[in-house]
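Dear colleague,

I am passing on the structure below, together with some notes for someone who has not worked with it before. Please look it over first and then read on.

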Amino acid sequence: METVSTNEDTGKGAMWELEKSLDQPMDAEAGRLRNMYREKTYPTVLMLQLAFQSLGVVFGDLGTSPLYVFYNIFPEKIEDTEQIIGALSLIIYSLTLIPLVKYVFIVLRASDNGQGGTFALYSLLCRHAKISIIPNQHKTDEDLTTYSRQTYDEKSLAAKIKRWLEGHQFRKNVILILVLFGTCMAVGDGILTPAISVLSATGGIKVEEPRMGNDVVVIVSVVILIGLFSMQHYGTDKVSWLFAPIVFVWFILIGVLGAVNIYTYDRSVLKAFNPIYVYHYFKRGKTSWASLGGIMLSITGTEALFADLSYFPVQAIQIAFTTVVFPCLLLQYTGQAAYIATHKDKVSHSFYFSLPGKIQT
C-alpha cells in the first residue's frame, strides 16, 4: 500500500502542503473577479470596430423588416394616403420608443455584469430581493463574485417594491412564470424571424419572374437558412466580421433608396413625423387595430440588442444603432410609404417595386 509522499525538508506530507495553499483568504481572487466583470473602457478606434462588428450580429432582424412590414399592415386594399401616413407614423414612433428609448437608453444599462437577456434580469432581481424559489443569497457568493447588493433607505421606492415582491409566494411564482414566458418568446422569435426574413428576401425573385412557383422560393430559402446556421459554430467574432460589411452596405443602400423615393414620389408622407396621425389612424376603426401585428414586425429583433449584450459593449451597440440603423430604417420606411402612396396596388412587394428600374433589371 502506497504511503503519502512527504517533503524531505519539512517532513510534512504533500496533502498538508495542498491544504495550506487552499486555506488562504479569497480577497485577492474576489478582487480579480470583480475587476474582470467591471465595464471596461475601450479606445475610440476599438469601440468603432466593435460597433461595426455588432451590425453583423445584432441588427440583422431589424434591417430586413422593411421587406415585409407594409404588406402585413395592408394585406387588403388601401383606402387613401392618410391611412398610409398613419401607419408610417405608428412605425416611426414604435422604432423611436421601443428600440431607441427603451432598449438603447434604458434597458442596456440594466445588464448583469455585462450579461443581457431575460434570465440575466431575473438573476439581478433575485440578488436584490428574496424572490428566488431556490435560496441564492449567500455571503460566500458575495465575497467570491460580483454579487454584492446595494442597500436602500427603508422609505425609498425601491425598498417598498422589494418588500411588496417578497411579501407573498404567489408574486414570486408570477415573476418566474413571466421570465420563462419571456424567454420562450425570445426563443420563438429566434426560430421564426429568420424564416420570415429569408422567405421575404427570396420572394423578391417573383417580382421579375412571376411564373416562378412558391415551392421554388421555399427550397431556395431552406438552402440559405441551412448555410446561415451552419456558420454559427465558427463563433461570434468570425461571423460578425463576415456579415458586418454586408449588413452595413445593406443599411446604407436602403437608407439611400428611401431618400430617393421620398424625393421622387410623395413628400406628403413626411407629415407622419407628427404623432397626431397615430391618433387619426386608430380612429379609422377595427382595421387599424388589426394591423398592429404588422406594425410589430417593424421592431422584430429588438430584443437582440439586450440578449446579445455579452458579445459587445453597451456603447458599441448604442453607436451602431443611433448612427446607422435608426436613421436608415426611418428613411427606408418613409420612402417606401411615399412609393405606396402613389402605387397603392403594389403594396405586396413594395420594397422591390420601389427600386429604380435599372437596379431591378
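**What was found**

Leaving aside residues up to four places away in sequence, serine 65 touches Leu297, Ser298, Thr300 and Tyr333. Please keep in mind throughout that this is a predicted model.

Serine 65 itself sits in the loop that runs between α4 (60-64) and α5 (69-73), and, because buried means under 20% relative accessible area, its relative accessibility of 0% makes serine 65 count as buried. A polar atom of the serine 65 side chain also lies 3.0 Å from the backbone oxygen of aspartate 61.

Of the contacts between residues at least 6 apart in sequence, 77% join residues that are at least 24 apart.

Tyr333, one of the residues that serine 65 touches, also takes part in a contact between two helices, α6 and α18. The axes of helix α6 (residues 81-104) and helix α18 (residues 314-342) come within 10 Å and cross at roughly 170 degrees, and, since angles over 145 degrees count as roughly antiparallel, the two helices are therefore roughly antiparallel to each other. On the α6 side the contact includes Thr81, Ile84, Leu88, Ile91 and Leu95, while on the α18 side Gln318, Phe321, Phe326, Leu329 and Tyr333 are among the residues involved. Sorted by class, the contact of α6 with α18 has 16 nonpolar and five polar residues, and no charged residues.

Valine 314 is also found in helix α18, and with a relative accessible area of 8% valine 314 is buried. Although valine 314 and phenylalanine 105 are 209 residues apart along the chain, their C-alpha atoms are separated by 9.6 Å.

In the model, the chain over residues 42-64 is 74% helix and 0% strand, with its end C-alpha atoms 30 Å apart. Over residues 84-105 the chain is 95% helix and 0% strand, and there the end C-alpha atoms are 29 Å apart.

Definitions and conventions
Residues are numbered from 1 along each chain as its sequence is written. This is a predicted model: local features need pLDDT of at least 70, side-chain atom pairs count only at pLDDT 80 or more; totals for chains, interfaces and linings use all residues. Side-chain values use heavy atoms; hydrogens and water are left out. Axes are lines fitted to C-alpha atoms, for helices over the stretch in contact, and angles run from 0 to 180 degrees between N-to-C directions. Helices (H or I, at least four residues) and strands (E, at least two) are DSSP runs, numbered from the N terminus. Angles under 35 degrees count as roughly parallel, over 145 as roughly antiparallel, 65 to 115 as roughly perpendicular and the rest as oblique. Contact means heavy atoms within 4.5 Å. Ala, Val, Leu, Ile, Met, Phe, Trp, Tyr, Cys and Pro count as nonpolar, Asp, Glu, Lys and Arg as charged, and the others, Gly among them, as polar. Buried means under 20% relative accessible area, exposed over 50%, partly exposed in between (1.4 Å probe, protein chains only). A polar contact is a pair of N or O atoms within 3.5 Å; within protein, one must be able to donate a hydrogen and the other to accept it, and residues adjacent in sequence count only if both atoms are side-chain atoms.
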